[in-house]
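This briefing is meant for a reader who is meeting the structure for the first time. Please look over the sequence and the model below before going on to the points that follow.

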Amino acid sequence: MPLRTLRSRLFYRLPGGVLILLACSVALVVTVALLGLVVWRDREQTLAAARMAADTGNRLLAERTARMLMAGDGIILRLTAPPDGIPPLAAPVEAVWMADTAGRALSGTIIPAATDSPALMAAVQAAGGMPVVRRAAVTLAGVEPPLILARPLADAGGTIQGYAAVALTGGAVDAALRPPPAVPGTAVLTGLGGAVLARVPTTSAAPPETGSIQTDSRDIPGYPLAVRLSVDGDAALTAWRARLAEYTAYGAGTILMTVAIGLLALHRARREREAEDALQQAYDSLGERVDRRTAELTEANARLEHALADKEILLKEVQHRVKNNLQVICSLLRLQAGRLDGSIRDIFDESLRRIQSMSLVHELLYRSEEPARIDLADYLEHLCARLQRSFGPSAVRLTVEAQSWTVDVDRAMPLAMIASELVSNALRHAHPGGGEGLIQVTLAPPGPDGGVVLQVEDDGVGLPPHVGIAAGSGRATMASQEKGLGLILVQSLVAQAGATLHIAREDGTRFTVRVPPAAAARAA
């Protein structure tokens, strides 16, 4: 494309300096966008890590709370064992007692003053055998209120007779729900209906609820409780804010480098524009000569195409006339054979068949898109159909399994005559009694070795022992009473095609004509 044509496009209408400024602007925008994307992804990854840490903290807090409650259940179990009586108190339990259905203390135990015993009894009865965890009304400064864990007391019939309860110390609750230092946030213990039983922050100053990272509640197995850890989003992003300075430094360095490259490019663009003007003059001169030469070549190609079309038409006409002449010869032979009897008429019929086989080759050449080449598989299909019709109705089945193989006319004619001779001989002699039989024609296209195989086999009576191929002579041998030329003609045509012939006599007769790789390559 000429340089002037390129200049007529949008970008080439603009001066080089303007293009460089546009490129630098795009580079700056892309740099800022990529830097923003990196900063945003770093922030998202930091928050994702905080969420993962919160999930891990959730599991840890659930395990701590479960151990604390199991320690309280151990005290309750010892309390309800008749021989033991009231067990000694130990962390995390600060009080233990039993009460009847009216909420009155049993067995010398003392109900803590901060406990609403009738309401606790009502909760135990409503729990249906599940443990009840409630929050006490009093607390110490800076420490969560104690929790009350109660289980029902039932007689042998399952009737609730009261409850046994322990008070878990506020310090134990605080220790169990205190989030790890690496996960700044607030742990919340909830009971039935989402009622908050305890809330413990990482530090004494609880982080605000706004901007926190919420996690899913984790149930405590065996207890109607759930724990949820809320992570302080601002604290989790502290490290990310520290990395913003590094990102800013990288971005500033990239922008300065882009500006420097733009200035150098402006200087080079001015020099290239001067060289482009000199090149344009030479390009215009060369373009004129190329156009002139192209016109000459176009005219020559048109003459060649016209001559080629004339030759193709002429070649098709020749093939058509040859086919018509062969048809005339066939008609004359058919008229002459009608006046003859016996073996002489058979000789005329054989000659007529051979001429028709050659006529079929020229007919397919006339129909082919390539006047000098035919598809041998297509020829075998037409040939076998004609031969089977010419021999009349028979119980013998003739099948063709041929894959497409394009061959030139010099190679096609001997191979076509070979196929005609072998198929007609099989139709005539393989099943002399007129019984059922099978004749199969196979054409295998060039394989890995490059060779092509034409095979005609039947399941008939087979060749007589005295008929075969003389080793080293290149000619077929026949008994003296054999007057046909079929096998002798096949052997001559095989030599003409540069192929080899092999005869197998197991379970009938199989003729195998193998075209070697060199001959197949020339045919292709």
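This is a predicted model: local features need pLDDT of at least 70, side-chain atom pairs count only at pLDDT 80 or more; totals for chains, interfaces and linings use all residues.

Which residue in β15 is the bridge partner of Thr442? The bridge partner of Thr442 in β15 is Gln455, and this pair belongs to the antiparallel pairing of β14 and β15, which extends over six bridges.

**The protein as a whole**

- The secondary structure of the protein comes to twelve helices and 19 strands, and of its 524 residues, 38% are buried.

**The five-stranded sheet**

- Five strands make up an open sheet with mixed pairing, and their order is β12-β14-β15-β19-β18.
- The edges are held by β12 (396-402) and β18 (500-504), each of which has a single partner strand, so one side of each is left without a neighbour in the sheet.
- From one strand to the next, the twist averages 10 degrees.
- Strands β15 (residues 452-458) and β19 (residues 509-515) run antiparallel and are joined by seven bridges; within this pairing Val452 stands opposite Val515, and Val456 stands opposite Phe511.
- Because six of the seven residues of β15 are buried, this strand is largely enclosed by the rest of the structure.

**Helices that meet this sheet**

- Helix α9 (residues 376-390) packs on the sheet and touches β12, β14 (437-444) and β15, while the direction of α9 makes about 170 degrees with that of β12.
- Helix α11 (residues 486-496) lies across β18 and β19, and α11 runs at about 140 degrees to β18.

- Strand β3 (residues 132-135) pairs with strand β4 (residues 147-154) in the antiparallel sense over four bridges, and Val133 stands opposite Leu149 of β4.

**Nonpolar cores**

- In soluble globular proteins, nonpolar side chains tend to be buried together.
- The largest nonpolar core of this model has 44 residues, and those with the most contacts inside it are Tyr379, Leu380, Ile418, Val423, Val441, Leu443 and Val513.
- Helix α10 (residues 409-429) gives the most to this core, contributing eleven residues.
- When neighbours within four places in sequence are left aside, Ile418 is in contact with Val490, Leu493, Val494 and Val513.
- There is also a second, separate core of 43 residues, which includes Leu47, Ala62, Leu69 and Met98.

**Salt bridges**

- The count of salt bridges comes to seven.
- One of them joins Asp100 to Arg104, with the closest N and O atoms 3.1 Å apart; Asp100 is buried, with a relative accessible area of 13%, whereas Arg104 counts as exposed at 54% relative accessibility.
- Another is formed by Arg293 and Glu296, whose closest N and O atoms are 3.2 Å apart.
- Because Arg293 and Glu296 are three residues apart in helix α7 (residues 238-337), they are separated by about one helical turn.
- Both of these residues count as partly exposed, Arg293 at 47% relative accessibility and Glu296 at 42%.
- Glu299 forms a salt bridge with Arg303, where the closest N and O atoms are 3.4 Å apart, and because these two residues are four residues apart in helix α7, about one helical turn separates them.

Notes
Residues are numbered from 1 along each chain as its sequence is written. Side-chain values use heavy atoms; hydrogens and water are left out. Two strands pair if DSSP finds at least two bridges between them. Axes are lines fitted to C-alpha atoms, for helices over the stretch in contact, and angles run from 0 to 180 degrees between N-to-C directions. Contact means heavy atoms within 4.5 Å. A salt bridge is a side-chain nitrogen of Lys or Arg within 4 Å of a carboxyl oxygen of Asp or Glu. Buried means under 20% relative accessible area, exposed over 50%, partly exposed in between (1.4 Å probe, protein chains only). A nonpolar core is a set of buried Ala, Val, Leu, Ile, Met, Phe, Trp, Tyr and Cys residues joined through side-chain atoms within 4.5 Å.
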